[in-house]
Amino acid sequence: MNLYPAIEDHLEEIMEIDKEAFPTPWSRKLWIREISRTHRAYHVAIENKKVIGFGGGLLAGDDFHITTIAVRASNLSKGVATRIMIKLLEEAVKLGATNLTLEVRAGNHPAQALYRRFGMAPVGIRPSYYQPDNEDALIMWANDIHEQPYLELLDSIKQGQKAKEVLSS
Ligand SMILES: CC(C)(COP(=O)(O)OP(=O)(O)OC[C@H]1O[C@@H](n2cnc3c(N)ncnc32)[C@H](O)[C@@H]1OP(=O)(O)O)[C@@H](O)C(=O)NCCC(=O)NCCS
């Protein structure tokens, strides 16, 4: 698996995964806008020439806001999202971000487990944030992602991921 910046050629497959993963997938117009604007980082994970996951976000002030991340159902629990998160964190720091934030459905425990491994903690709730089902959003944050302690956490996640990949290959 390799990671690449998302480009228009990837959009058909990205949108296929988006539709599979979320009840309100993004329109092509929104995808094009997001991947072409500055202060963004959107990446795809590719295996055997196939897009198997994507993720990205935007810089708002000092904060990198992850706007989306999803993995093909057939490729779950193989570390794809972990690899995408590592890439997004590296890109966020390059863009000058000092904090990481996102919203996640209150009932989305697999995603929350992923974010907790990346040092993100819940800081609040946006009630009925997700439509049409009115599910609450949990707001999660990690601070000082450009500082040594966080970079060490990121490095330990990377080493752990490499070890898992060796064991499962
Ligand atoms: C949330 C989501 C992106 C996670 O993707 P994923 O690729 O399955 O995540 P990972 O494989 O990196 O991590 C999941 C688990 O697999 C484990 N794992 C990682 N690499 C592994 C490997 N090589 N072999 C076995 N297990 C591995 C991880 O340790 C993790 O375990 P944990 O849940 O006990 O912590 C995915 O479930 C998804 O697309 N959901 C739908 C969309 C969504 O909800 N997105 C989030 C919106 S906020």
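Starting with terms: I take helices (H or I, at least four residues) and strands (E, at least two) as DSSP runs, numbered from the N terminus.

**Ground rules.** This is a predicted model, where local features need pLDDT of at least 70, side-chain atom pairs count only at pLDDT 80 or more, and totals for chains, interfaces and linings use all residues. Residues are numbered from 1 along each chain as its sequence is written, and side-chain values use heavy atoms, with hydrogens and water left out.

**Overall fold.** I looked up the elements and got five helices and seven strands. Read from the N terminus, the order is β-α-α-β-β-β-α-β-α-β-β-α. I then checked the radius of gyration (taken over C-alpha atoms; the globule rule is 2.2 Å times the number of residues to the power 0.38). The protein comes out at 15 Å, close to the 15 Å that the rule gives for 169 residues, so it is as compact as a globular protein of that length. The C-alpha trace spans about 40 × 40 × 30 Å along its principal axes.

**Where does the ligand sit?** I found the ligand in the largest pocket. A pocket here is found on a 1 Å grid over the protein atoms alone, as an open set of points where a 1.4 Å probe fits, with protein on both sides within 12 Å along at least five of seven lines. Sitting in it takes more than half of the molecule's atoms within 2 Å of its grid points. Strand 4 (63-71), helix 3 (80-95), strand 5 (99-105), helix 4 (109-117) and helix 5 (148-168) each give two or more residues to the shell around the ligand.

**The shell.** I count a residue as near if one of its heavy atoms lies within 4 Å. That puts 21 residues around the ligand, with Ser77, Gly79, Thr82, Asn108 and Lys164 the closest. By class there are 11 nonpolar, six polar and four charged residues (nonpolar: Ala, Val, Leu, Ile, Met, Phe, Trp, Tyr, Cys and Pro; charged: Asp, Glu, Lys and Arg; polar: the others, Gly among them).

**Ligand oxygens.** I noted a side-chain N or O atom of threonine 82 at 2.5 Å from a ligand oxygen. For the side chain of asparagine 108, the distance is 2.7 Å. Alanine 81 uses a backbone N or O atom, 3.0 Å from an oxygen of the ligand. The protein covers 74% of the 940 Å² of accessible area (Shrake-Rupley, 1.4 Å probe) that the ligand has on its own.

The peptide bond from glutamine 131 to proline 132 is cis, omega near 10 degrees. Proline 132 is in the loop between strand 6 (121-130) and strand 7 (135-142). Lysine 49, in the loop between strand 2 (40-47) and strand 3 (50-60), has a positive phi near 65 degrees, though it is not a glycine.

Conventions:
Polar contact = N/O pair within 3.5 Å; in protein donor to acceptor, adjacent residues only side chain to side chain. 1 Å grid on protein atoms, 1.4 Å probe; cavity = no way out; pocket = protein on both sides within 12 Å on 5 of 7 lines; lining within 4 Å.
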